[in-house]
Amino acid sequence: MRKKSRRLKEADKSGKQEDCCALCRCSDDDPALFGEKVKLEEHKFSVHYFCLLTSSGVYQRGEENEGVFGFLVDDIKQEIRRAARMTCYGCKKKGACVGCNVSSCRKVVHFPCGRKLMFITQYNEIFPSYCQDHSPTQSLCVDSDFSLPQSCSICLDSIEPVLSYSVLKCPSCHGSWFHRDCVQHQAHSAGLFFFRCTLCNNKENFQQEMVRMGIYIPERDASWELEANAYSELLEVYNHCDSVICLCNEGRTYSKKGWFEVIRCCLCGSRGTHRKCSDLKLNTTDWACIDCINATDGKASLVASPQSGQKRSLLSKRHLTPLTSPLGCKRPCTRVRPDSPEELLRSLLSHPSPVSAQVEVHRDQALSAGLDLVRRTNFDPTHSLSVRFKDEQHLTLPSTHRTGDATRKYFLDLLMQQIQNSVVFEGPSGSKNLALDSQALREDLYFDIGSLLALCLVHGGPPIGFFSHGLYQCLFNYPANCPLSLNHMTPETHFTQQVHRIAAAESLDELKEVMKASWEFLELAGCNRPVTSLDERETLVEDLVSFTMITRMQLPLQRLREGLHTLGVFDQVQLFPSVFFGVFCDARETMTADTLDRLFTMNFSEQQETRNLETPIVSFWRHFLLECEVGRSSISLHDVLHFVTGADELPAVGLCPPPSISFLHHVRLEEQMENAVEWWDDGLFPQCKPATNHLLLPVTSTYKAFKSSMEQAISHHMHLFPSGS
């Protein structure tokens with residue numbers, strides 16, 4: 001019995017030794033961290049793939065199907081014997097095979113010990129390894145405008161925003177930080193063809209940097225692509241009658257054309273009914289379940305099939321976004337911190353196409369014309385806009401402004417106003433949230449509005465300015481990691497009033513009473529749960545706000561984001577959310593005299609005598625702007641801007657060409673000097689050239705004459721052609 005027991009113990013010990021890697025003596029079997037573990041039954045030992053790759057004395061001398069991935073068995077045994085004489089710098093045991101690639105460094109470790117001691121192995125060419133003292137590091141780009149992340153962009157767990165061995169970042173966007181183990185598991189899962197930054201989607205630079213920092217990227221397809229029948233469930237359709245009372249004698253899963261054909265919900269597709277069971281007509285193909293009707297405030301009954309008529313499905317715009325299209329361009333890596341959003345927006349269309357897209361506007365229907373533009377099959381956002389109004393007697397645009405550029409500005413101003421008042425937004429003016437509209441979803445209007453907003457910003461339209469802080473946070477997560485509150489909800493809506501009543505409950509009994517009255521809303525939001533304390537009220541309110549503004553609005557938010565990808569606008573905003581905050585929210589900042597004056601470049605005459613007459617006019621101009629600002633003039637600074645440029649406010653991309661000022665003399669200087677001609681201030685008025693943003697200031701003898709001339713000309717202009725704001 002003793003001999004038999006001893007033999008069993010020796011066999012068990014031998015089996016455990018065979019399960020352990022012959023090089024690192026560890027039995028771990030995590031392919032992402034140690035590589036595939038291969039057990040050679042004939043030779044009675046196992047070995048990790050990464051241990052072979054990082055070993056200093058063994059090389060792949062065979063074909064891929066020989067030995068262990070090209071490592072011959074005899075070479076592996078020789079490396080095991082060599083490593084048996086080496087002492088690990090970490091655990092002080094024999095068998096170390098991974099050495100630092102720096103010739104003067106004598107540190108040798110087991111591969112697992114190297115991970116603990118922060119060794120980095122670069123999986124390319126000769127697979128060099130480096131100890132902590134000689135390993136490559138990453139540096140923080142101090143010029144980039146982003147707040148340090150608080151969570152890993154892969155696992156979303158908290159992260160210490162300090163670059164180290166265990167914390168890495170993306171070299172392109174600088175905003176995606178992650179744990180080393182997380183990005184290694186992602187690389188193992190995604191493979192060479194799908195491994196990229198989770199935030200900016202950069203692939204080439206990201207992979208190069210990760211290999212430099214010791215991440216192994218297998219040269220294969222993604223793991224989800226290799227799994228057999230991985231997407232078979234997507235081919236299955238829901239085929240079950242969910243009516244309270246099913247009238248079909250064959251059962252709820254029976255479906256045959258006619259009264260007992262199962263039709264699915266046209267919104268979610270996860271509920272079904274027989275026509276007879278829901279008292280529908282025989283030709284009914286569009287039906288919405290009760291959950292979707294409640295989620296859309298009762299508007300789901302208006303939803304028609306995406307395939308009916310000439311309507312487009314939500315995915316019908318895939319032809320607009322080929323790899324080379326500006327709609328889906330790669331985010332640029334901006335190294336210099338931008339001073340303003342204008343330079344970022346100008347960089348998105350630094351080389352506009354010489355081809356122009358013709359836009360015909362019937363009367364003042366700018367939104368209809370814009371939607372027609374972005375829905376064209378040949379739509380290219382880089383083309384310049386050539387706008388023509390069909391019914392010009394209804395166009396409040398001066399004849400002097402009816403040039404191509406001025407008409408385009410007027411169209412973009414009008415378009416932005418009509419977008420703000422469209423059905424996809426709700427709430428007070430200047431603080432709009434997204435509205436859930438089933439017809440807008442069916443027509444994919446959210447995507448179109450996003451494309452038009454991006455088009456307006458880049459092509460010289462006004463700032464958006466009407467997004468609420470909550471909508472901006474839902475789209476771009478700025479400020480980061482700040483939960484939405486009740487104040488972010490659209491005021492005076494049915495959902496908001498219900499949440500207000502719950503938040504205003506002052507006792508547990510009152511809270512239960514309010515919840516009982518709002519049970520349908522709570523059930524829809526997944527919050528119809530028992531409460532035992534008034535302290536649970538705050539958590540309940542947070543859940544309801546999150547459901548109303550995020551969960552319920554996921555599809556509209558997603559399509560609006562995808563539309564904003566036009567010309568790369570969304571990528572730039574996501575990279576610099578603090579810079580663009582004023583463009584999307586609270587854009588109507590108070591214009592000052594100094595702000596307006598700094599827009600213009602002074603063009604003085606070359607002759608000294610003429611220059612001497614023009615110099616005082618600059619002081620007159622600045623003093624006049626100051627009086628406009630403080631209300632000592634009959635006109636405002638916005639009137640001055642409208643007079644010169646035709647724009648009611650400064651475009652988001654800035655004025656192009658840059659505004660300039662030159663001077664208007666009544667008589668030639670030679671006549672004035674030689675013939676002693678007296679100054680004639682009367683009848684000398686400023687002139688504007690909106691196409692070039694150029695202003696001619698009258699040269700007068702006194703400030704009183706200058707002010708009178710400016711006020712008369714601009715007042716007359718504003719009286720005849722009032723601004724659209």
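Which residues does Leu544 touch, not counting residues up to four places away in sequence? The legend to View 1 gives the list. The model shown is predicted, and local features need pLDDT of at least 70, side-chain atom pairs count only at pLDDT 80 or more, while totals for chains, interfaces and linings use all residues. Residues are numbered from 1 along each chain as its sequence is written, and side-chain values use heavy atoms, with hydrogens and water left out.

**View 1. Leu544 and its contacts.** Leu544 is found in helix H19. Helices (H or I, at least four residues) and strands (E, at least two) are DSSP runs, numbered from the N terminus. Leu544 touches Val499, Ile502, Phe521, Leu522, Ala525 and Cys527, not counting residues up to four places away in sequence; contact here means heavy atoms within 4.5 Å. Leu544 has a relative accessible area of 0% and is buried. The term buried means under 20% relative accessible area, exposed means over 50%, and partly exposed lies in between (1.4 Å probe, protein chains only). Phe521 is 23 residues apart from Leu544 along the chain, and their C-alpha atoms are separated by 9.0 Å.

**View 2. The two sides of helix H17.** Helix H17 spans residues 508-517, and its buried residues are Leu511, Val514 and Met515. Seen down the axis of H17, these residues fall within an arc of 100°, so they line one face of the helix. The arc is that of the directions from the helix axis to the C-beta atoms. Exposed residues Asp509, Glu513, Lys516 and Ala517 sit on the face turned away from the buried side of H17. The cover over the buried residues of H17 includes helix H16 (494-503), helix H18 (519-525) and helix H19 (536-551).

View 3. Strand S1 (residues 37-40) and strand S2 (residues 45-48) run antiparallel and are joined by four bridges. Two strands pair if DSSP finds at least two bridges between them. Leu40 has Phe45 in S2 as its bridge partner. Four residues lie between the strands of this hairpin, and Lys44 in the turn has a positive phi of about 60°. On S1, Val38 and Leu40 make up the covered face, whereas Lys37 and Lys39 make up the uncovered one. In a regular strand the side chains alternate between the two faces of the sheet.

View 4. In helix H4 (residues 73-83), the residues Val73, Asp75, Ile76, Glu79, Ile80 and Ala83 are buried. They fall within an arc of 160° when seen down the axis of H4, so they line one face of the helix. These buried residues pack against S1, S2 and helix H3 (49-54). Asp74, Gln78 and Arg81 are exposed on the face of H4 turned away from its buried side.

**View 5. A sheet of four strands.** This open sheet has the strand order S15-S16-S18-S17, with mixed pairing. Its edge strands are S15 (601-602) and S17 (687-689), each of which pairs on one side only. Strand S16 (residues 660-664) pairs with strand S18 (residues 694-698) in the parallel sense over five bridges. Ile661 has Leu695 in S18 as its bridge partner.

**View 6. Cysteines without a disulfide.** A search of the whole structure finds zero disulfides, a disulfide being a pair of cysteine sulfur atoms within 2.5 Å. For Cys155, the nearest cysteine sulfur is that of Cys152, 3.7 Å away. Cys155 is partly exposed, with a relative accessible area of 28%, whereas Cys628 counts as buried at 7% relative accessibility.
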